[in-house]
2 protein chains.
Amino acid sequence: MPTQDTPLAEGREFDLIRQMRECWGNLAIAIGDDAAVLQPPRGERVVISTDAAVDGVHFRRDWLSLAEIGYRAVTAALSDLAAMAATPRGVLISLTLPANDETHVLDVATGIGDAVRAASTVILGGNLSRADTLSLTTTVVGSAFAPLTRAGARPGDLLYVTGQLGGARKAWQELERGTKPDGALLERFARPRARIAESRWLAARGAVAAIDVSDGLGGDAAHLAAASDSTIEIDVHRVPVFPGATLDDALAGGEDYELLIVSRAALPADDFARQFGIPLTPIGRLVERGGDVRFLRDGKRVAAPAGHDHFSR
Amino acid sequence: MPTQDTPLAEGREFDLIRQMRECWGNLAIAIGDDAAVLQPPRGERVVISTDAAVDGVHFRRDWLSLAEIGYRAVTAALSDLAAMAATPRGVLISLTLPANDETHVLDVATGIGDAVRAASTVILGGNLSRADTLSLTTTVVGSAFAPLTRAGARPGDLLYVTGQLGGARKAWQELERGTKPDGALLERFARPRARIAESRWLAARGAVAAIDVSDGLGGDAAHLAAASDSTIEIDVHRVPVFPGATLDDALAGGEDYELLIVSRAALPADDFARQFGIPLTPIGRLVERGGDVRFLRDGKRVAAPAGHDHFSR
């Protein structure tokens with residue numbers, strides 16, 4: 001029976017939740033009701049997405065620390081808000097935890113907290129369950145006056161990408177081979193950034209559509225092409241490659257969490273690079289109606305790289 | 001490489017998502033962007049919650065059909081909106097699916113669709129991943145002008161419960177023993193209802209705090225008591241027991257998804273029963289500051305039933 005110093009009822013589940021709450025401090029606001037309540041700024045629309053990270057599918061525990069796993073799962077979800085040019089308003093975390101991981105719950109919580117802090121947002125609530133497999137399902141809630149979608153592009157538009165691609169894939173391949181990636185590559189894999197400020201900056205300067213590169217450049221360009229009913233041409237030699245990765249890594253690799261950005265007119269790439277310390281590179285254009293993606297080298301069509309599908313691994 | 005008749009990129013994951021989308025028809029709106037966008041009615045606040053259902057923890061596949069598992073998982077999540085007197089605006093479903101369940105994805109989707117339809121809401125988006133264990137993590141989004149919380153109660157208030165308690169626990173026990181519960185008990189377990197319309201009706205008639213009975217009457221009353229800094233007395237003989245269940249089932253059993261409702265003055269219980277076909281029963285009161293829960297029989301204190309904790313199973 002609860003006593004007065006027990007704000008949640010007794011039980012192992014509530015002990016663990018309490019430990020995580022203490023770890024998060026004022027990052028976790030108003031947790032403890034049946035649901036979280038938030039008020040988006042007047043006139044803004046609510047943007048919401050959910051993303052799962054499952055042990056053995058999306059991450060491997062011998063490759064990353066539990067803090068990195070928590071960080072990466074939440075950042076991947078926040079990247080979907082970046083793709084919509086939305087300002088994060090909070091996250092909800094549903095954690096499933098094997099019995100022998102209870103003592104590690106604070107490691108996961110630390111990584112979750114770091115990702116939430118990096119995005120200047122808060123933890124609104126969540127859920128904790130026993131399970132055989134460690135998994136994190138992150139729901140992100142944001143708001144935007146005019147969210148960017150995949151459908152805002154049309155023939156004649158220009159295609160850009162933020163940052164450099166292929167680093168996460170290269171790191172993944174090296175880890176899979178049992179070699180340790182060098183510092184920058186490993187950091188790229190373990191500590192991606194959600195391009196939230198970058199996306200809002202670009203939306204304010206004329207971006208009309210966006211998607212984050214999570215399934216690989218070809219796969220995500222195909223989503224954009226289908227949603228916008230436009231065929232996209234990508235100049236392979238323009239694609240910015242993360243140092244240490246190959247062009248193939250950059251074309252096929254997912255999970256870099258950079259953004260594909262579409263605009264009607266040229267974007268101020270130099271200002272962007274000065275502001276954010278990463279490049280903004282024009283890599284192609286939308287040429288006609290249709291939903292195709294074509295990769296060009298010296299103006300000639302080349303084969304598409306294979307995409308990234310968690311169901312074919 | 002995608003063709004024009006492929007609105008999502010190729011790959012097994014997208015095939016399965018497409019199948020579910022077809023099953024849901026116009027229950028699933030605007031799925032396919034990085035995030036869903038919604039606009040709550042002007043002046044209303046956004047209410048959001050997430051809830052997991054994991055095979056072997058929250059359900060067993062030999063007890064329920066996959067459609068019932070999908071229905072129950074989504075209804076449990078929607079019940080958190082009922083507890084806040086919020087109107088559902090949509091759900092997001094994160095599904096993890098073992099490889100040999102791919103052919104059953106439509107069974108799960110059918111149950112999800114039934115629960116969404118029963119709550120007059122829509123599917124806003126989601127996520128599909130391979131995993132060793134079947135699980136559904138449901139995020140529910142609603143809105144309310146003045147959400148009910150657990151903290152709105154104070155000493156002097158009255159405590160009510162909707163419907164009858166203990167049916168789900170009784171069914172669970174019989175299933176665990178290998179006997180099949182009778183029709184009404186099994187239905188109660190497999191097809192609970194989220195008391196959404198009921199809760200909004202009560203909020204409009206003076207309810208000041210609420211919680212859904214998911215952890216058991218004692219456990220959930222304790223949450224309410226802690227959040228409202230009030231000690232709650234429950235008259236054991238007044239607790240409405242589901243036909244076929246025992247008083248112990250009603251006191252300790254969770255997952256009935258009925259609501260504990262607090263109000264300052266008497267609520268119109270007869271009107272409620274006429275409107276919704278279930279009772280609204282006064283079962284106790286908030287007596288003083290503190291966070292205790294006391295069970296009384298003939299005015300004398302009796303032992304509290306054990307709560308319900310997924311981490312101690």
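**Charged pairs and the chain contact**

Let's start with Arg61(B) and Asp101(B), whose side chains meet in a salt bridge with 2.7 Å from N to O. Arg61(B) sits in the loop between E2 and helix H2 (66–83) of chain B, while Asp101(B) sits in the loop between E3 and helix H3 (105–118) of chain B, so this pair ties together parts that are 40 residues apart in sequence. Please keep in mind that this is a predicted model.

Arg61(B), at 31% relative accessibility, is partly exposed instead.

A second pair in chain B joins Glu44(B) to Arg89(B), with 3.6 Å between the closest N and O atoms of this salt bridge. These two also come from distant parts of the chain: Glu44(B) belongs to the loop between strand E1 (36–38) and E2 of chain B, Arg89(B) belongs to strand E3 (residues 87–97) of chain B, and 45 residues separate them. Arg89(B) is partly exposed, at 28% relative accessible area.

Now hop over to chain A. There, the side chains of Arg195(A) and Glu198(A) form a salt bridge of 3.5 Å, N to O. Arg195(A) is buried, with 9% relative accessibility, and Glu198(A) is buried too, with 9%. Salt bridges can also join into a network, as they do for Glu233(A), Asp235(A), Arg238(A), Arg285(A), Glu288(A) and Arg294(A). Over all chains, the structure holds 44 salt bridges.

How many salt bridges run between chain A and chain B? The count is four. Asp34(B) and Arg150(A) form a salt bridge across the two chains, their closest N and O atoms lying 3.3 Å apart. Between chain A and chain B there are also 13 residue pairs in polar contact, counting pairs with both residues at pLDDT 80 or more. On the side of chain A that touches chain B, strand E2 (residues 45–54) of chain A gives the most, with nine residues. That side is made up of 34 nonpolar, 23 polar and 17 charged residues.

Let's step back to the whole contact. The size of an interface is often given as the accessible area lost when the parts come together. Chain A and chain B bury about 5,700 Å² between them, with 59% of it on carbon and sulfur atoms. The contact brings 74 residues of chain A together with 74 residues of chain B.

The strands show how the chains line up. E1(A) pairs with strand E2 (residues 45–54) of chain B in the antiparallel sense, over three bridges. Within these strands, Leu38(A) stands opposite Val46(B) in E2(B). Val37(A) is in strand E1 (residues 36–38) of chain A, and leaving aside neighbours within four places in sequence, Val37(A) is in contact with Arg45(B), Val46(B), Val47(B), Met84(B) and Pro147(B). Val37(A) is partly exposed, at 26% relative accessible area.

Beyond four places in sequence, Ser94(A) touches residues including Asn127(A) and Ser135(A) in chain A, and Thr50(B), Ala52(B) and Thr137(B) in chain B.

Technical notes
Residues numbered from 1 in each chain as written. Chains lettered and ligands numbered in written order. Predicted model: local features only at pLDDT ≥ 70, side-chain atom pairs only at ≥ 80, totals over all residues. Heavy atoms only, no water. Helix = DSSP H or I, 4+ residues; strand = E, 2+ residues; numbered from the N terminus. Buried < 20%, exposed > 50% of the residue type's maximum accessible area, 1.4 Å probe, protein only. Contact = heavy atoms within 4.5 Å. Buried area = accessible area lost by both parts, 1.4 Å probe. Polar contact = N/O pair within 3.5 Å; in protein donor to acceptor, adjacent residues only side chain to side chain. Nonpolar A, V, L, I, M, F, W, Y, C, P; charged D, E, K, R; others polar. Pairing = 2+ DSSP bridges.
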